[in-house]
Amino acid sequence: MASASYHISNLLEKMTSSDKDFRFMATNDLMTELQKDSIKLDDDSERKVVRMILKLLEDKNGEVQNLAVKCLGPLVSKVKEYQVETIVDTLCTNMLSDKEQLRDISSIGLKTITGRLTSAIAKQEDVSVQLEALDIMADMLCRQGGLLVNFHPSILSCLLPQLTSPRLAVRKRTIMALGHLVMSCGNLVFIDLIEHLLAELGRNDNMSTTRTYIQCTAAISRQAGHRIGEYLEKIIPLVVKFCNVDDDELREYCIQAFESFVRRCPKEVYPHVPTVISICLRYLTYDPNYNFDDEDEDDNAMDAEQNDEDYQGSDDEYSDDDDMSWKVRRAAAKCLDAVVSTRHEMLPEFYRSVSPALVCRFKEREENVKADVFHAYLSLLKQTRPAQSWLADPDAMEQGDTPLTMLASQVPMIVKALHKQLKEKSVKTRQCCFNMLTELVNVLPGALTAHIPVLIPGIIFSLNDKSSSSNLKIDALSCLHVIMVTHPAHAFHAHVPSLVPPVVACVGDPFYKITSEALLVTQQLVIRPLDSQPEAADSFDPSPYINDLFTCTIKRLKAADIDQEVKERAISCMGQIICNLGDRLPDELPGTLLIFLERLKNEITRLTTVKALTLIAGSPLKVDLRPVLPDAVPILASFLRKNQRALKLCTLAALDILLRNYSSAVTPVMVDAVLAELPPLISESDMHVSQMALSFLSTLAVTHPAALGQLSGGNILQQLIALVRSPLLQGGALAAMLDFYQSAALPHKQAYCSIAKCVAALTRACPDEGPAVVGQFIQDVKNSRSTDSIRLLALLSLGEVGHHVDLSSQPELKTVILDAFSSSSEEVKSAASYALGSIAVGNLPEYLPFVLQEISSSKRQYLLLHSLKEIISSASVSGLKPYVESVWTLLLKHCECQEEGTRNVVAECLGKLTLIDPETLLPRLKGYLLSGSSYARSSVVTAVKFTISDQPQPIDPLLKNCIGDFLKTLEDPDLNVKANSVKQEFEKQDELKRSAMRAVVALLTIPEAEKSPLMSEFQSQISSNQELAAIFDSIQRDSSSANMESMDTS
């Protein structure tokens, strides 16, 4: 060994020579030495040789590089494993090099090493080396199978003989390697492999190798099922034949192969599924060493009071280490699971044949097999759940039994099979039972109503059993919760006394997951007795249990150092307790509500608390929330500006229910706090949030109508108008918008006017839609079934639209409006009068002569004169001038009317008409002071009031010269004329005082104006005069509110 090491050292020294020939000859000699079987290297020599060979891979001479690569093959079989790792790591690193030549030579080196691996598998006599080589080969094929495609034929040729190895471990690892090979191999290699397996299976020389070939076929199917599908017609008959051989291990492998075919080749295996099911059902009950007859004879297993000894059979029953039949049963259960999970279209057939067989095997004595039987049935239930619509489909019902109806008919059999298992000592078995029951009631809600008395003792057994694991208790509580949610209340009344103690104990459990599930059940225990029908509720008294439920929940509610999930569920549970039992907790309620208030302020628990408060606020018990509302509502209002969408939605729902049920306790200040946060929520960017905000506003319109006055001048109205114009407004959001307008409009005429203005703005913005909208409004006015609110909105909208748009193309418009003058509603009459005047402004030549004619010939002069007043007030001066004479003449005819109301309207029209052409009309008005009719003189005096305004007018100089003539009417012999004159003088003086006070308020806005001695003296004089002080205060309030509105708008 020493001489070999010396020789190797000399060769290594020559490899460092600057002469390429020396390096080449030394490398060639080293390869010769490495190929000798007798060579043995110590650790130091190994390290030096590996380092030098890897260095020569970067040699400048290509021939030296090639020789160094050839040395890698024999080298890897002579050095230790960690040196091989060094070689592979270096080669892989070189593959990332920027030098193309180095990358190529490293690639060749990796392939050289792989080639040595196949020889190590095929020729190595040492089994341990074979196993390691097979592991490496499998790993390489798994990770880099596509890069080794050139080696696939040689890999296959070295692996196939290993399937007949006398060592089972070698066979298993060969099967693993072949499974990875078929994922990336070419079609020719795959065909060679399948044909080899088919030939060997057909030959069936040895049962041991046959088992291996069946296993290999299943492994290939699992890894590349789509590729083996076309060969199933040849493979499956062979597998079926081997199922009949009296060899349990072979049967297990055959059924496992069926499972793989079913899952990976669903299309190709379809014709053989009935055969597979038949074989699985036969071997599901295959237990030659055990007889169940004695147990089956005991049909009293439904008795919940049996002794525990009856349930200890699992520990004492027959057991034999050589019994392999349980593996066959387990494989059959798993295969049935695969069939059920992949053949949804065969559900009816499954419930006829597979379901009863699985239920019968719930009594399986091997725990692992039993778990797989349960899992198969769970898969059947999960496949059934999406088909629930079949039950409601009349056509499906006519076709006979559906999966759901068949399942419902088998529920008694399922419960009977599960009943005994619920008290088994095996934790795994009981968990399977709870999972089964949970899935069953999810598929068939209410299906266990008649069986609750049988199941509850089993659930309580697991909750009380000290040997129960945490997971078992969690599954038991979860199952109980789902059953309670999906079944009627009366089914649990008799069991509440036995359920409360274990559930309360679980709420106090130190493990947070158990506590969390127990709180959900507690919540249902609170709901159930009180949600039931009145006659059932009368027979059940929850009083004995209230204290226990409240005490265990409040303890968790108060705790701050607990899991987040427990905090949230404690809040929800307590909310349910107060909602359903709040009237029976008068002493505890105030303190509990204060805890809710604290949780509301906590960012982590606020969302759950909002939901709980919503529940309490909606309780029919009318729980007194007034003590916490002053603090809670502002906090809720602040949530509306948070980014958390769920919090916004829940908060809007809470505020809405609080407004509905506690309107008297919600003050205007609270409402203002909420309204300030609403504008950003009314937007097309989130229609659901907008819908909830509109619902709140609708409720507000009913409970706090005065608050709607703030909408007209603020951002909320602007947002509403913008949302109405959005193309996204539809569905629930549109319905909420309509509800709001209807709610908002009913108590306030001004709200109708605002909405009408919005409609007019939209109509002008969308001229193509205008005629249809106007036509609909006309129909609303005409329709005898329309309510007064609908007519009022329609008339006001017509007026607003007609003010800007010519509606003369609507032939029946005049008739419809005149007919509205006959309405029994004064508001509708007034709206019709306004509408006619406003529409006339849009087309004076068409409508003004019509109005004048109607005034002359109709008996409804008062309403028509109001229409004329609207025309005179709103029309342009240039548009009215051609009609001044005819209007003046008509008005003078009616100024002598005996009805004072009519004369007042005529006087207002005369005053406003005089402003159009004061030089001509004021002298005429003055001339009528000499009229012989006292009614005419009175009307003229009243008309003068409407010629006076705050703003400068062309009439002012003319009025100044003749105002004395009008004031002389104070001496008129007629009392009515005197009274009108005094009234006008008083109103004129009053307006003068108000103008003076407005000036003072304006002066006070100047900085440091209050420090002026003159201003202080003036304020003192105002304060000393009661009348002036009242006017001053009124103007100050108006001014401050106007400033606030301007600030909000900005």
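Rings of Phe, Tyr and Trp (its six-membered ring) pair if their centres lie within 6.5 Å; planes under 30 degrees apart count as stacked, over 60 as edge-to-face and the rest as tilted. Phe362, Phe374 and Tyr377 form one aromatic cluster on that basis. This is a predicted model, where local features need pLDDT of at least 70, side-chain atom pairs count only at pLDDT 80 or more, and totals for chains, interfaces and linings use all residues. Residues are numbered from 1 along each chain as its sequence is written, and side-chain values use heavy atoms, leaving out hydrogens and water.

**Aromatic pairs**

- Five aromatic pairs occur in the structure.
- Tyr283 and Tyr286 are edge-to-face, because their planes stand at 75°, with ring centres 5.6 Å apart.
- Tyr283 is buried (under 20% relative accessible area; exposed is over 50%, partly exposed in between; 1.4 Å probe, protein chains only), with a relative accessibility of 4%.
- Tyr286 also counts as buried, at 19%.
- Phe511 and Tyr512 make an edge-to-face pair, with 5.5 Å from centre to centre and 70° between the planes.
- Phe511 is partly exposed at 29% relative accessibility, and Tyr512 is partly exposed at 33%.

**Charges over rings**

- A charge sits over a ring if NZ of Lys or CZ of Arg is within 6 Å of the ring centre and within 35 degrees of the ring normal.
- Arg606 places its charged end over the ring of Phe639, 5.6 Å from the centre.

**Helix α35**

- Helices here are DSSP runs (H or I, at least four residues), numbered from the N terminus.
- α35 spans residues 629-639 and is mostly covered, with eight of its eleven residues buried.
- Among the buried residues are Leu629, Val633, Leu636 and Phe639.
- Buried residues of α35 pack against α33 (589-600), α34 (606-617), α36 (645-661) and α37, where contact means heavy atoms within 4.5 Å.

**Helices α37 and α38**

- α37 (residues 668-675) packs on α38 (residues 687-703) at about 155°, with the axes 12 Å apart.
- Axes are lines fitted to C-alpha atoms, for helices over the stretch in contact, and angles run from 0 to 180 degrees between N-to-C directions.
- The angle makes α37 roughly antiparallel to α38; the cut-offs are under 35 degrees for roughly parallel, over 145 for roughly antiparallel, 65 to 115 for roughly perpendicular, and oblique for the rest.
- Val671, Val674 and Leu675 of α37 meet Phe696, Leu697 and Leu700 of α38.

Definitions and conventions:
Helix = DSSP H or I, 4+ residues; strand = E, 2+ residues; numbered from the N terminus.
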